[in-house]
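Here are my notes on this model, as numbered points. Please read them with the structure open.

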2 protein chains.
Amino acid sequence: MVEHGAGAESSGGSGSARAKRPTMADVAARVGVSRALVSLVFRNEPGASKETRERVLRAAEELGYRPDNAARLLARTRSMVLGVMINIRNAFHADLVEAIYAEAERLGYEVLLSALGPARNERRVVESLLGHRCEALILLGPNAEDAYLAELGAHTPTVVVGRRVPANGVDSIHTAENKGMRQAVDHLVGLGHRAIVHIDGGDGPGSAERRRAYRAAMRDLGLQDEIRVLPGDHTEESGEKAGDTLLGDARLPTAVLAGNDRCAMGLMHALSRAGVGVPQDVSVVGYDDSHIAHLSRINLTTVRQDAEQMAQLAVRSAVERLDDHRLPSRELILDARLVVRGTTAPPRGHASAL
Amino acid sequence: MVEHGAGAESSGGSGSARAKRPTMADVAARVGVSRALVSLVFRNEPGASKETRERVLRAAEELGYRPDNAARLLARTRSMVLGVMINIRNAFHADLVEAIYAEAERLGYEVLLSALGPARNERRVVESLLGHRCEALILLGPNAEDAYLAELGAHTPTVVVGRRVPANGVDSIHTAENKGMRQAVDHLVGLGHRAIVHIDGGDGPGSAERRRAYRAAMRDLGLQDEIRVLPGDHTEESGEKAGDTLLGDARLPTAVLAGNDRCAMGLMHALSRAGVGVPQDVSVVGYDDSHIAHLSRINLTTVRQDAEQMAQLAVRSAVERLDDHRLPSRELILDARLVVRGTTAPPRGHASAL
DNA sequence: AGCAGCGACTAGAGCGCGCTAGAAGTACGG
DNA sequence: CCGTACTTCTAGCGCGCTCTAGTCGCTGCT
């Protein structure tokens, strides 16, 4: 590592001592009006003449004044801030966050992001969000148990994205997992697959439903003897591990339904490491359609969830619940749709049907 | 879309009306002590007996009290909050953020995240961060011009990650782009490549240095006639576009140095769409070694930047600058190292050397 | 002339907390 | 008995802002 000192002393525009942050009072004093008036101007409220408005803004600019959100939050009855919990490793969450920002802005809300991490569990993230006066929480793919979410929902409007939450007081938005899984199984069976394994998403959002849907679909198609669920979760690592498990077996399945896209990525990593071709030897289906899935290096067949719509609904639900605290909790279920790309094909030795 | 009403009225633990958030005064009243004492307890400061400490904590628990960060920030002289600007689409930023959280916690700082987006430019993100009383800023891969960063740095400790910033008062942390690029070019030339194109990162962080290093390396190796730089930026789209440009030409280059990993991904997308094999027909090198690069579906040869170390240095720089405002600005340059994976190979028809 | 109505502005009380100065209680030595 | 030291606790101001309830001067209407 190399270190370059700049040599020169840090020179601010405002002299050597880093000036204390200017406040509303400073602006007011400079213009010769009351603080309240400056407040009006910055909140874009009526009650100030066009001329004073300009003078205030000019003075603020000169002083480098910037409204202090902490104080604003404190003083306001409403904070107009939505807290969003994300898994920063999850590309699908990135899609959601972008849409959340957009919708929140449209409705006049600010967004505070807090990410999960190795040393930051869901409770810590939520604490942090709540500590910053978020009025409502939007949790992307939480793993927490229903009881905890219910408790949260009891005192803070809470919206869960990606999973069903039976708890009262908590809205949930997710796709129709059963439809998505059913389409995936149908697709594979249509291609001629029978040995179709499912890698479970553990306690990840939507996993229980996906597992159930997988089992139901297999049974419906007369493949109950082929049902096989491998433990896993929604990370690349679990996909890789499941892949290794499969590779250790005598016979590989011809197709795998991963718990989500990330899991599918890990799985393909393991398979390709072992020289197993996708889709020549094994077909793989993901779940999410995160924006990396369509990159053709990956080109993953997956179940599409509409991030933009989910995000919009999440924000709107939170806001509606904020406007009327006594709303009954809702469960919004969006359609899921299989997107067929390049990781699925007829099993080896199977004459293409029709 | 289906909507399920829960039917039952939202039932909180605390009755039907969503109780106002309890404050320190509520806790104090319940225990029968002063607010100041409760404050002591929650700040873990000496001055309260073990017994009262417990009573206070118990009462807080019962009331569901949670310290209000907005008020805390306002009252405290120091806020102990670091603001971090990220591009949520960038997997390398995810790596950085995780490490930033860890290091910040170690040093007793909180972290506030704010993401760039289609409708959120860098200035907006910075405003938002500053408005929430962040004491210092860590900007991951900013595009903003130096003058703006200098202005920022003049009144707020600012650390830029991923790019050189000549501005006084701004620390910058980046890798030795010249070394990284040089290694990449050496590697390709060693494999027998001569027609090596570089896709530029536009005004993205580090791009200017990478471009310069590419040119220098090519010249040094006697390949000045093969120098070719395609415009681009640090997104998948730009890689795809550059790929299309190349595909439109009479002759493809045998190797491409992308501006970063995302650009490389887009490029490979375009190539593979056109039936061009990587690395059989074209070798591709990325830059970042974000955690998706090593997934073997991608298996990208790339220049590794040590996210953890960069993040740690960023946080420490910010904190040191916070402790002593008059520190000269520094530029920390980390080593870069080429990681050879599966997207580079000898050009077609080239007998492997030695 | 009298007064309601309006636009432009201000005084001042909070919001929930941190923090300084100091009070009250206990302990000990002289 | 007082002085000193220490622990445990409290009073109350201030952080930068919002917001309610005004004041003030002016117009327009009866």
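1. Start at the DNA. A phosphate oxygen of DNA strand D sits 2.5 Å from a polar backbone atom of A:Met24. Polar contacts here are pairs of N or O atoms within 3.5 Å; within protein, one must be able to donate a hydrogen and the other to accept it, and residues adjacent in sequence count only if both atoms are side-chain atoms. A:Tyr65 brings a polar side-chain atom to 2.4 Å from a phosphate oxygen of DNA strand D. Helix 2 and helix 4 of chain A, with helix 2 and helix 4 of chain B, each give two or more residues to the surface near DNA strand D.

2. A word on the basis. This is a predicted model: local features need pLDDT of at least 70, side-chain atom pairs count only at pLDDT 80 or more, and totals for chains, interfaces and linings use all residues. Residues are numbered from 1 along each chain as its sequence is written, chains are lettered from A and ligands numbered from 1 in the order in which they are written, and side-chain values use heavy atoms, without hydrogens and water.

3. What surrounds DNA strand D? There are 27 residues, and the closest are A:Met24, A:Ser39, A:Tyr65, A:Arg72 and B:Ser34. "Near" means that a heavy atom of the residue lies within 4 Å. Helix 2 of chain A gives the largest share of this surface, 4 residues. By class, the surface has 12 nonpolar, 6 polar and 9 charged residues. Nonpolar covers Ala, Val, Leu, Ile, Met, Phe, Trp, Tyr, Cys and Pro; charged covers Asp, Glu, Lys and Arg; the others, Gly among them, are polar. Of the atoms of DNA strand D within 4 Å of the protein, 64% belong to sugar or phosphate and the rest to bases.

4. Now DNA strand C. Of the 27 residues around it, A:Ser34, B:Met24, B:Arg43, B:Tyr65 and B:Arg72 come nearest. The largest share of this surface, 4 residues, is from helix 2 of chain B. Sugar or phosphate accounts for 68% of the atoms of DNA strand C within 4 Å of the protein, and bases for the rest.

5. Which parts of DNA strand C do the side chains reach? B:Arg35 has a polar side-chain atom 2.7 Å from a base oxygen. B:Ser39 has a side-chain N or O atom 2.8 Å from a phosphate oxygen. A polar side-chain atom of B:Tyr65 lies 2.5 Å from a phosphate oxygen.

6. Look next at the sheet in chain B. It is open, with 6 strands in the order 8-7-9-10-11-13 and mixed pairing. Strand 8 (228-230) and strand 13 (337-339) each have a single partner strand, so one side of each is left without a neighbour in the sheet. Strands are DSSP runs (E, at least two residues), helices likewise (H or I, at least four), numbered from the N terminus; strands pair if DSSP finds at least two bridges between them. Strand 7 (residues 196-199) and strand 8 of chain B run parallel, joined by 3 bridges. B:Ile199 has B:Leu230 as its bridge partner.

7. Last, the domains of chain A. An automatic or database assignment gives domain 1 (24-67), domain 2 (76-174 + 307-333) and domain 3 (177-305). The C-alpha centres of domain 2 and domain 3 of chain A lie 28 Å apart.
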